[in-house]
Amino acid sequence: IGAPLDSRCNFSNFVVGKPNELAFAAARRVAEAGVTPFNPLFLYGGVGLGKTHLMHAIAWHIKTTQPEKRVIYLSAEIFMNQFVGAMRYKDMMAFKEQFRSVDVLMIDDVQFFSGKDSTQEEFFHTFNALVDQNRQVVISADKSPNDLEGMEERIKSRLGWGLVADIHP
């Protein structure tokens with residue numbers, strides 16, 4: 001159900017500098033922690049600055065060091081398409097079980113949910129279910145949670161609950 005991971009996107013291949021050191025350290029902490037250190041980890045910044053690279057690195061590290069953990073990495077568009085498919089085929093229970101039973105849920109480019117009310121509603125409940133179970137959520141976007149236009153206020157609020165780390169050029 002998730003997107004394929006790029007094996008080149010790991011921690012050792014990530015170039016760390018002042019503009020991204022907090023995001024890098026936070027991503028390492030999430031990947032190496034036995035328990036959820038902060039929830040969610042929200043990474044944001046412009047195109048090509050390393051958000052997706054760090055998300056892949058987290059997923060690779062967890063899959064390598066803790067293979068028993070179920071990790072899903074996917075784009076917001078894939079999440080939405082899976083949701084729409086579940087609604088169309090009247091299979092919402094399977095959709096909910098699929099996403100709410102993982103150990104780590106990683107959604108890239110969450111700004112894609114802007115203006116998509118039913119997708120935001122399902123994401124909101126999935127997010128709450130995972131956080132309530134102390135499961136890790138990692139999100140990326142092109143803007144900070146407060147600056148995401150077309151997103152419900154309650155979602156923006158929850159996205160800022162954990163650690164928000166920006167990446168600059």
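**Exercise 1.** Which residue stands opposite V104 in β3?

*Solution.* The model is predicted: local features need pLDDT of at least 70, side-chain atom pairs count only at pLDDT 80 or more, and totals for chains, interfaces and linings use all residues. Residues are numbered from 1 along each chain as its sequence is written, and side-chain values use heavy atoms, with hydrogens and water left out.

Step 1. Helices (H or I, at least four residues) and strands (E, at least two) are DSSP runs, numbered from the N terminus.

Step 2. Strands β2 (residues 71-75) and β3 run parallel and are joined by five bridges; two strands pair if DSSP finds at least two bridges between them.

Step 3. The residue opposite V104 is V71.

**Exercise 2.** Describe the other pairing of β3 with β4, and the unit to which both strands belong.

*Solution.* Step 1. Four bridges connect β3 with the parallel strand β4 (residues 136-141). M106 has V138 of β4 as its bridge partner.

Step 1. Together with helix α5 (residues 117-132), β3 and β4 form a right-handed β-α-β unit. Right-handed here means that, with the strands pointing away from the viewer, the path from the first strand over the helix to the second runs clockwise.

**Exercise 3.** Why is β3 described as largely enclosed by the rest of the structure?

*Solution.* Step 1. Buried means under 20% relative accessible area, exposed over 50%, and partly exposed in between (1.4 Å probe, protein chains only).

Step 1. V104, M106 and D108 point one way from β3, while L105 and I107 point the other way, and all are buried.

Step 2. Five of the five residues of β3 (residues 104-108) are buried, so the strand is largely enclosed.

**Exercise 4.** Classify the angle between α3 and α5, and name the residues in contact.

*Solution.* Step 1. The two axes come within 10 Å and cross at roughly 100°. Axes are lines fitted to C-alpha atoms, for helices over the stretch in contact, and angles run from 0 to 180 degrees between N-to-C directions.

Step 1. Angles under 35 degrees count as roughly parallel, over 145 as roughly antiparallel, 65 to 115 as roughly perpendicular and the rest as oblique. Helices α3 and α5 are therefore roughly perpendicular.

Step 2. Contact (heavy atoms within 4.5 Å) is made by F79, M80 and F83 of α3 with S118, T119, E122, F123 and T126 of α5.
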